[in-house]
Amino acid sequence: MPPAYDLGHSGEAYQPLDTGSGGGNDACAPNSSSAQIRHSMGFRTSWMRQFRRYKLPMVLLMLLFLVSCLAYRILSVEQDAPPLDLHRSSPLLDAYEDFSAMRAGDLKMRIEEMVRIKSTVSVELRELESRRQKLQSDISQYNQKIEELKQELLREQTELERLKISVEQAQVAQREAVQRNTPDLALPRSLLPNTLPRKNNPITGGMAASCEMHNCFNHSRCSLTSGFPVYLYDPDEHSVQRKGYDIDGFLKTTLKQTLGYNAHIVKDPKHACIYLVLVGEALLEQDLLRNNRYAAQEAEHQQPSTPTLENDCPVDMEKLYSLPYWGGDGRNHVLLNLARRDLTSHRTNPLYRQNTMRAIVVQSAFEREQFRPGYDLIVPPILGPPGGDVWQECAEMVPARRKYLLTYQGELRPKQSSLNPLDAFILEHLADMAKGATQDQFVLQFQCVPATEQPEGDSLPDWTLCGSDSSRRQLLKDSTFSLILPPLNGRVSSTLMLARIYEALRSGAVPVILGADELRLPYAETVDWRRTALLLPKARITELHFLLRAVQDADLLLLRRQGRLIWERYLSSVQATVDTVIASLRDRLGIPPRPVPSVIAQSVFNSTFIPLKSDPPVGMDTEPEESLGPIEPPYPSPAFRRNYTILRMQAKEAWNDWLDPFYLYPQLPFDPALPSEAKFMGSHTGFRPIGKGLGGAGKEFGESLGGNYPREQFTIVMLTYEREQVLMDSLGRLYGLPYLHKVVVVWNSPKPPLDDLRWPDIGVPVAVLRAPRNSLNNRFLPFDVIETEAVLSVDDDAHLRHDEILFGFRVWREHRDRVVGFPGRYHAWDLGNPNGQWHYNSNYSCELSMVLTGAAFVHKYYLYLYTYHLPQAIRDKVDEYMNCEDIAMNFLVSHITRKPPVKVTSRWTFRCTGCPVSLSEDDTHFQERHKCINFFSRVFGYTPLLNTQYRADSILFKTRIPHDKQKCFKYI
């Protein structure tokens with residue numbers, strides 16, 4: 001028998017064991033017990049020989065048979081088993097030894113050996129299992145690496161396709177640049193005159209009466225690129241009043257301050273296009289002293305001034321002709337006579353029967369033979385404050401129908417004035433209408449009750465105002481319509497009539513102007529009064545009641561809203577009046593206005609500091625097999641392309657819809673779209689139709705923007721406050737975003753960014769701007785670094801996929817005048833409040849009225865309106881609550897367009913998971929937003945928000961298409 005070996009630990013040598021001789025079947029008995037067992041077996045064998053000799057042969061045969069079977073079995077097992085190492089096979093063979101011949105000690109050693117072998121084998125098995133698991137882990141990692149490489153390959157292939165598309169787009173742009181035969185229009189340089197007006201011969205009053213713009217105005221001083229420079233004669237240095245008269249100090253001071261803010265004012269008279277001369281309101285010095293108690297006390301000891309004759313002109317015409325730049329005939333001069341305190345005397349028209357030569361007269365009262373249509377200008381009296389917010393002066397627009405259907409309070413002055421038969425019949429019919437059997441209530445008073453004390457010595461025949469300003473305002477707030485009677489004696493306009501129109505529009509009473517076909521209304525060349533008032537000839541007096549009842553609530557509120565807008569923009573204050581006068585004269589000449597000022601961007605980094613860069617994460621938000629668009633170099637939106645056409649072709653919209661003819665904007669959301677075939681025939685520059693015009697889906701869709709407008713890009717504006725890591729993560733996710741022009745980060749914190757902060761390199765410029773102060777209004781500042789029409793306003797913790805952003809951009813291109821974004825909200829009416837008020841609601845709803853600007857596209861035009869046009873009270877409320885700037889923007893856009901926002905995709909929230917808590921998580925957040933909606937409604941006079949019940953998804957979304965086709969977006 002070969003020697004056995006002890007299989008120790010894997011690193012040790014094999015040790016031979018003494019197998020001994022003999023063996024037995026009982027491995028646990030001692031040696032003495034084995035001897036007794038053998039003696040007992042011998043005794044039994046002898047006994048069996050004596051008693052059962054005949055059975056011995058059978059037992060031997062059976063033993064031989066069993067041994068043969070056992071040997072055969074052992075040999076067959078050894079043949080089937082794989083070949084083993086000698087050292088490992090020896091113990092296996094020894095296992096079949098006859099243990100009956102072994103001693104008890106040897107047997108114990110053998111058992112211990114087997115236990116050690118078992119332990120060693122278990123260790124080896126565990127090591128093998130560990131190796132197997134490691135190999136499986138390696139295989140899994142390699143498989144994952146293979147999948148990642150496959151994904152990377154797909155990304156690189158997609159990127160290669162995008163680069164090919166980008167090359168094609170660049171080639172198309174190059175061909176367009178070569179073929180372009182029109183110059184690139186931009187903001188023009190001002191070409192100003194450089195000489196004073198030359199001396200001309202004076203003209204007679206008869207020639208002056210026939211003045212029009214073509215024969216009495218010098219256009220050579222007002223080139224199209226001049227910017228319409230205006231020079232103001234200082235009223236303190238160049239007074240043109242007669243002795244005993246002077247201009248109200250409030251009016252002089254306010255006018256100079258107001259014109260100081262106007263962009264058209266120049267200091268050098270050589271550069272001026274027109275020259276403004278303040279000729280009124282001229283009052284007697286004794287009337288001016290009544291407002292100054294110290295001067296009044298001094299005047300008591302002085303001789304009273306000589307009474308002025310009725311036809312005495314407060315303006316000294318010789319002083320007027322002697323102005324240094326009058327030029328002999330006064331061409332390009334504008335005489336301003338702005339009524340404020342005296343609304344009844346003949347001094348409201350001091351230039352009547354005076355030879356003003358070629359000068360343009362601007363005032364409230366005109367005689368028919370005096371007014372020169374298209375040359376002189378009618379303005380309302382200045383009854384408001386110098387400037388600023390005026391919303392508190394106005395009444396609420398709703399309900400549509402108020403307590404009284406029609407009101408009028410006035411008295412004919414002087415009392416000895418007489419009426420013609422038609423006017424007398426009108427008064428009689430109005431009195432009968434007020435007493436008629438009807439449920440409608442009227443207040444029609446043609447005598448002041450109580451009587452109003454007004455001087456009648458030099459008053460012109462007209463319908464004077466009754467009561468005080470507060471009493472008239474209260475009556476008009478309860479009036480649905482306000483009757484306006486025309487002035488007497490055939491005048492085309494009177495100061496008292498325009499004052500009634502002013503007060504009616506301010507209080508929301510729709511003016512009903514009787515005899516409008518005989519009158520001239522303020523700014524009639526540009527303002528469409530048919531959208532503001534009911535204009536009726538006197539002959540319609542018998543049908544007046546029927547017409548007023550026929551006006552529906554929607555039309556009534558539309559008239560009231562338009563009237564308030566006209567009042568706020570053109571009539572409400574000194575600044576509004578002066579700006580409107582200058583804009584009206586400039587509009588006549590077809591000169592573009594001055595460009596709207598942008599906010600100069602200030603970087604948070606100094607000029608020598610270079611921020612650290614880091615590589616952005618790649619492929620986080622895009623599917624590898626989805627191409628969303630080409631990679632393009634920065635392409636700013638063309639600006640100031642319609643400088644000389646917009647106010648010629650869309651002057652009506654600018655004055656009556658947009659209500660902003662005062663500034664020239666780089667682009668407007670209302671710019672017209674070309675016909676479809678023009679994109680392929682002569683006007684193809686910049687257009688990128690899908691499939692080059694053949695259309696398509698999937699690949700063709702991703703290659704081009706298509707749509708109705710030329711190619712463009714968008715700018716992301718991101719407001720942040722001391723959340724650097726959140727900001728860096730958000731910037732990193734923008735890497736590889738197609739059509740992205742620039743990222744503007746508004747740094748709202750007073751602390752600058754850390755010097756070791758690493759900014760991700762996302763392939764486009766990132767401008768980090770210092771905010772003037774910590775305000776949410778900074779989100780909508782029109783920075784000069786924003787060079788695209790499309791602006792994506794996002795919070796620093798907003799998490800949007802690339803396909804969502806690009807789909808929102810494509811939808812915005814079709815709704816450029818609206819807010820287009822992702823999270824929708826709505827305003828809900830509080831039924832439990834008896835007074836009625838609005839609640840801000842963010843619950844899931846099938847109707848919405850707002851899209852939060854934490855993730856929304858807006859046109860840059862609305863950034864200008866938010867900063868310069870929105871009432872200051874709203875921006876102050878945003879600063880007070882540090883909230884609600886998104887609600888304010890929705891109010892503004894819906895107010896201008898009367899359209900609801902557009903929601904895209906199914907996303908209802910846009911916050912990233914795991915970001916720090918934002919301001920919107922505060923418990924008072926919703927309470928403040930409730931208050932904001934109700935306050936903003938009071939400022940606007942109504943709630944401009946409109947409801948919508950749809951959202952925008954891509955065209956092939958949820959559409960079954962052939963397997964060889966792709967959808968526009970994979971998940972949208």
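## Helix packing and aromatic pairs

Helix 23 and helix 25 run roughly antiparallel to each other, because their axes cross at roughly 170°, and angles over 145 degrees count as roughly antiparallel. The axes of helix 23 (residues 872–881) and helix 25 (residues 925–940) come within 10 Å. On the side of helix 23, the contact is formed by Ala873, Ile874, Lys877, Val878 and Tyr881, and helix 25 contributes Glu928, Lys931, Cys932, Phe935, Phe936, Val939 and Phe940. Of these contact residues, nine are nonpolar, none is polar and three are charged. The model described here is predicted.

The structure contains 35 aromatic pairs. Two of them are set out below.

| Pair | Distance of centres | Angle of planes | Class |
|---|---|---|---|
| Tyr570 and Phe662 | 6.0 Å | 65° | edge-to-face |
| Trp658 and Phe670 | 4.9 Å | 10° | stacked |

Tyr570 belongs to helix 15 (residues 553–571), whereas Phe662 lies in the loop between helix 18 (651–656) and helix 19 (699–703), 92 residues apart. Tyr570 is buried at a relative accessible area of 0%, and Phe662 is buried at 14%. Trp658 and Phe670 are both placed in the loop between helix 18 and helix 19, twelve residues apart. Trp658 is buried, with 10% relative accessibility. Ring pairs also join Trp658 and Phe670 with Tyr665, Tyr861, Tyr862 and Tyr864 in a cluster.

Charged side chains also meet rings. Arg810 sits over the face of Phe701, 4.0 Å from the ring centre, and Arg929 over the face of Tyr840, at 4.3 Å from the ring centre.

Ile501, in helix 13 (residues 495–507), is buried at 2% relative accessibility. Beyond its neighbours within four places in sequence, Ile501 contacts Ile484, Ile513, Leu521 and Trp529. The C-alpha atoms of Ile501 and Leu521 are 9.7 Å apart, with 20 residues separating the two in sequence.

Key. Residues numbered from 1 in each chain as written. Predicted model: local features only at pLDDT ≥ 70, side-chain atom pairs only at ≥ 80, totals over all residues. Heavy atoms only, no water. Helix = DSSP H or I, 4+ residues; strand = E, 2+ residues; numbered from the N terminus. Buried < 20%, exposed > 50% of the residue type's maximum accessible area, 1.4 Å probe, protein only. Contact = heavy atoms within 4.5 Å. Axes fitted to C-alpha atoms, helices over the stretch in contact; angles between N-to-C directions. Parallel < 35°, antiparallel > 145°, perpendicular 65-115°, else oblique. Nonpolar A, V, L, I, M, F, W, Y, C, P; charged D, E, K, R; others polar. Phe/Tyr/Trp six-rings, centres within 6.5 Å; stacked < 30°, edge-to-face > 60°. Lys NZ or Arg CZ within 6 Å of the ring centre and 35° of its normal.
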